[in-house]
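This briefing sets out selected features of the structure shown below. Please keep the sequence and the model at hand while reading.

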Amino acid sequence: MTRRETVTWGLLRGTTLTLVCVFLLAPVAVVAVMSLNSGDSVLRWEGLSLQWYAAALSSQPLMSSLFMSLAVAATATAIAGVLGTMLAIGVHRVARGPLLRALALLPAFVPDIVLGIGTLSLFALFAWKIGFTSVVVAHAAFEIAIVAAFVLARLGGLDPALEEASANLGATRLRTFRRIVLPQLMPSILAGCALGFSLSLDEFIIAFFTTAAGSQTLPIQVYSMVRFGVSPEINALATMLLVVTIVIILAVQRALLPLILRRKP
Amino acid sequence: MSSSAAAGATRARRSGLLTLISPAGYLGLFVAVPLLLVLVSAFLTRGRVGGVRLPISVDSFVLLAEPVYLGILLTSLATSLTVTLVCVVVAYAFVAAMRGMSPRGRAGLLVVLMVPFWTSFLIRAYAWMLLLGEHGPVNAPLLSLGVIEQPLTLLYTPASVTVVLVYVYLPMMILPIAAAAESVDPTLRDAARNLGAGAWRRFRTIDLPLTLPGCLTGCVLVLVPSMSNFVVPDLIGGGKTVLIGNVIQDEFLVSRNWPFGSVLALTLIALLVGVLVVQAAVSRRFEGHAR
Amino acid sequence: MTVHSPSPLLSVQGVDAHYGSVQALHGIDIDIREGESFAILGPSGSGKSTLLRLIAGFEPVSAGTVTLDGRDLAAVPAHRRPIGLMFQSYALFPHMSASANIAYGLRAEGVSRAETRRRTAEALETIGLASVADRRPARLSGGQRQRIALARALVKRPRMLLLDEPLSALDRRVRADMQAELKRLQHETGMTFVIVTHDQEEAMVLADRIALLRDGAIEQIGTPTQMYERPATAYVARFIGTSTLVPGVVRDNGLEVPGIGLVGHVDRNGWADGDRAALVLRPEHVELVPADTAAWRGRFVSASYLGGHVDALIETPHGEVTVRVPRLPELGWGEEIGLRITSSGRHLVPADDEIRTSHAA
């Protein structure tokens, strides 16, 4: 490279990266910063204060919808953890071809709006009541695909010799699965569940179609508040959620990523 | 294969099929059936108080052909294509700029990428309302510096809807392209350079073709979701911009014309299938090029 | 080796290069003449890859100049340098056919489509691969890929060709073919080759002259004969070929070696009495004699039959000595045997820390 080339490219690179990073982070930064604003005006800084955090935490609609979201996410994730793992194992054992794999992961590609109206139609057909159940059911559906994706990837990298050694030492298939295979899959299962959990917490569109009055999830609640204008508690709530999500994800990454990425010895 | 190995393989297959029963059953009931219902609903008539009923009719399809709805369809398509295109360009620029960074720098950039992803999607749209509003950080300094006299109406325009949609879906485009770029052999670029290719030619003949599968994955993740997103047009567009997603939402929850809403949903699915087919075709052409 | 012009084709002068805070090259001075086959040799970390990338234009120099045909390359970006490059992995574009690969450089230069087609077809004919012109690299054999990679570089008629470890990845038989191919190519085209390698055998076989790099600096430049028979330092002696280094002190016209005595008739060029030096012994410079007739004795360790000659390994106070003998010696393990230095091979190098001394001088 000539000197001039190095400089030009360096400048271009730096500018692009900065611009995109600012574009991506600016809105989040604004929300986080304004959550600490002591005034209630949207963008005039009036001093540091935690009052909106207190307001958010004591707001009944916000907290009950948060609780609802957590309940939905936990239930859906639990279902998806089990079924997603089973799906991955089944696909892995039955066929290694790409077709079955694609089919298994299809739920993740269905547009959420379609899944939302479809679930609504399903519940209408059987005259089931929509609410907590309908949201859980739909969330679990796409989470299954996510967990399956993670576990399938890990299954591909497992050393078959370990299962064979276990069989050779006299273990039944069930025992082999419980003591040998499952522990190796755990990191991937947990990672898939963590991702699915956070997606479910934030999921709006499906919830929008399938919630009822008593079972509003957090995004739904925020939406109705936001439609009527901007309220400062939301800034605080959003920042809290962001921090919690970051902490969870980073913890998961730190603990699980090396285990997931470990290659065959 | 020895007979015991063959027997083992069949046993594995059988146990695999058994394991598949529960998840397949669940997905069948809660994904396949809903999709089927949407398909079927499109051919039925609207119910008296919402829902669907017989007789079978294609009224909803006919309705779709009305200029109003065709116009919305085309506008949505145009908007999504714009959003997708902008995302592709920005994503490639970003990935190219990322090249040559240390692994630590790259990891840092990925975190920056993911932070908006981890923030509630609603909150992010809401944040843009703040940014683009009349007292927002864009208008405020311009006003106080006297550059403009009236605050610019940045909000509630089609352009702002596009910008925010790009914002929401950009990470979904960057990630697959970055992953694809990672697996491109760097000596290929050196070879191209040595053979006389300048930067643009290198991008056009080496990077672009070899990352095309990743780019298409990104398009799948951006094109249809951006069309079905109704929150952004609602909050940022102020209801003035109407995309397919808004109409579907309206038909199902307000107008209660489920068959028509289903028809619209079908167009979305048709589009999705179209994009997936294109992606599969291109991926097949590239089989065997993975390192 | 014919020298076509008095001034060098490629001249590297006082070049330094940095990788971040590490200095990869110090004051490199190399002149490469047109038409010669020049090897840049060194272990990994010696800076040879940096030098290659520098000449190709992928990295900038921190100091010094690189000139081609008298023209300073500092202002010439990589994609405009008339220097061909053959990668160790060939770097064929996987998504393009063989002919598209070859045509790539021509199109990049702006050569017309018609002309490109003509020259590409010609190149494919020359290497005998016209029949596989439309195949992608994945469906070509290793040998075919090699030829395409070479053709791709040469079709642009570069001023010189850089080859990165051309033989390392090949197995023995294919290696010999490739060697012959390269030599033939050079004779037919008069192309200047610069071969970068870690394999001293590769360098010795392919090159007219060799530059040995060590930790970013030049250890020695010379012909294979010079490097083998008159290494400038102990490092060169060890890197090229097999050798045993016997340390001693220069005295009279010989080298006083503790445990052996005075080894006479050494090449005293530039050495003064009392200097510490080491004698470079190649396997063919030593012979086995009955133990009681020699001052220098050792114990037999093993012998390797190499078809035509035998290398015997003898453990001595001066380290393990490889001795070339005509046939397998009838010795048992650990049996005492004597060594004698034959009349040829009395070259000295400066003694360095790595040379074992068993007796204090």
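A residue is called buried if 20 or more other C-beta atoms lie within 10 Å of its own, exposed if 12 or fewer do, and partly exposed in between. By this rule C:Ala98, C:Ser99, C:Asn101, C:Ile102, C:Ala103, C:Tyr104, C:Gly105, C:Leu106 and C:Ala108 of helix α2 in chain C are buried. The model is a predicted one.

**Helix α2 of chain C**

- Helix α2 of chain C spans residues 98–109 and is mostly covered, with 9 of its 12 residues buried.
- The buried residues of α2(C) pack against α9 (199–228) of chain B, and also against α3 (113–126) and α4 (142–154) of chain C.
- Just after α2(C) comes C:Gly110, which takes a positive phi of about 100°.

**Chain C as a whole**

- Chain C contains 8 helices and 20 strands.
- Taken along the principal axes, the C-alpha atoms of chain C fill a box of roughly 80 × 45 × 40 Å.
- Chain C has 361 residues, of which 40% count as buried.
- When contacts in chain C between residues at least 6 apart in sequence are considered, 66% of them join residues at least 24 apart.

**Two aspartates with positive phi in chain C**

- C:Asp69 is not a glycine, yet its phi is positive, at about 55°.
- C:Asp69 is placed in the loop between β4 (63–68) and β5 (71–72) of chain C.
- C:Asp69 counts as partly exposed because it has 15 C-beta neighbours inside 10 Å.
- C:Asp215 is a residue other than glycine with a positive phi, near 50°.
- The loop that holds C:Asp215 runs between β9 (209–214) and β10 (217–222) of chain C.
- C:Asp215 counts as partly exposed because it has 15 C-beta neighbours inside 10 Å.

**Contacts between chains**

- Between chains B and A, 60 residues of chain B are in contact with 57 residues of chain A.
- Helix α1 of chain B (residues 3–41) gives the largest share of the side of chain B that touches chain A, namely 19 residues.
- The side of chain B that touches chain A is made up of 45 nonpolar, 13 polar and 2 charged residues.
- B:Ala127 lies in helix α5 (residues 121–132) of chain B, and it is in contact with A:Pro27, A:Val28, A:Val30 and A:Val31, leaving aside neighbours within four places in sequence.
- B:Ala127 counts as buried because it has 27 C-beta neighbours inside 10 Å, where the cut-off is 20 or more.
- From C-alpha to C-alpha, B:Ala127 and B:Phe230 are 16 Å apart in space, while in sequence they are 103 residues apart.

**Nonpolar cores**

- The largest nonpolar core has 142 residues, and A:Ala141, A:Ile144, A:Ala148, B:Ala125 and B:Ile174 have the most contacts inside it.
- Helix α6 of chain A (residues 132–156) supplies the largest share of this core, 16 residues.
- A second, separate core has 100 residues, including C:Val155, C:Val194, C:Val323 and C:Ala351.
- Not counting residues up to four places away in sequence, B:Ala125 touches B:Val164, B:Val231, B:Val232, B:Leu235 and B:Ile236.
- In soluble globular proteins, nonpolar side chains tend to be buried together.

**Helices α3 and α6 of chain A**

- The axes of α3(A), residues 60–94, and α6(A) come within 6 Å and cross at roughly 40°.
- Because of this angle, α3(A) and α6(A) are oblique to each other.
- The crossing of α3(A) and α6(A) is right-handed, and the residues of their contact comprise 18 nonpolar, 7 polar and 1 charged.

**Helices α11 and α12 of chain B**

- The axes of α11(B), residues 244–253, and α12(B), residues 258–285, come within 8 Å and cross at roughly 155°.
- α11(B) and α12(B) are therefore roughly antiparallel to each other, and their crossing is left-handed.
- On the α11(B) side the contact involves B:Ile244, B:Val247, B:Ile248, B:Glu251 and B:Phe252, which meet B:Trp258, B:Phe260, B:Gly261, B:Leu264, B:Ala265 and B:Leu268 in α12(B).
- The residues of the contact of α11(B) with α12(B) fall into 9 nonpolar, 1 polar and 1 charged.

Note on methods: Residues are numbered from 1 along each chain as its sequence is written. Chains are lettered from A and ligands numbered from 1 in the order in which they are written. This is a predicted model: local features need pLDDT of at least 70, side-chain atom pairs count only at pLDDT 80 or more; totals for chains, interfaces and linings use all residues. A nonpolar core is a set of buried Ala, Val, Leu, Ile, Met, Phe, Trp, Tyr and Cys residues joined through C-beta atoms within 7 Å. Helices (H or I, at least four residues) and strands (E, at least two) are DSSP runs, numbered from the N terminus. Two residues are in contact if their C-beta atoms, placed from the backbone, lie within 7 Å. Axes are lines fitted to C-alpha atoms, for helices over the stretch in contact, and angles run from 0 to 180 degrees between N-to-C directions. Angles under 35 degrees count as roughly parallel, over 145 as roughly antiparallel, 65 to 115 as roughly perpendicular and the rest as oblique. A crossing is left-handed if the near helix is turned anticlockwise from the far one by less than a right angle, and right-handed if clockwise. Ala, Val, Leu, Ile, Met, Phe, Trp, Tyr, Cys and Pro count as nonpolar, Asp, Glu, Lys and Arg as charged, and the others, Gly among them, as polar.
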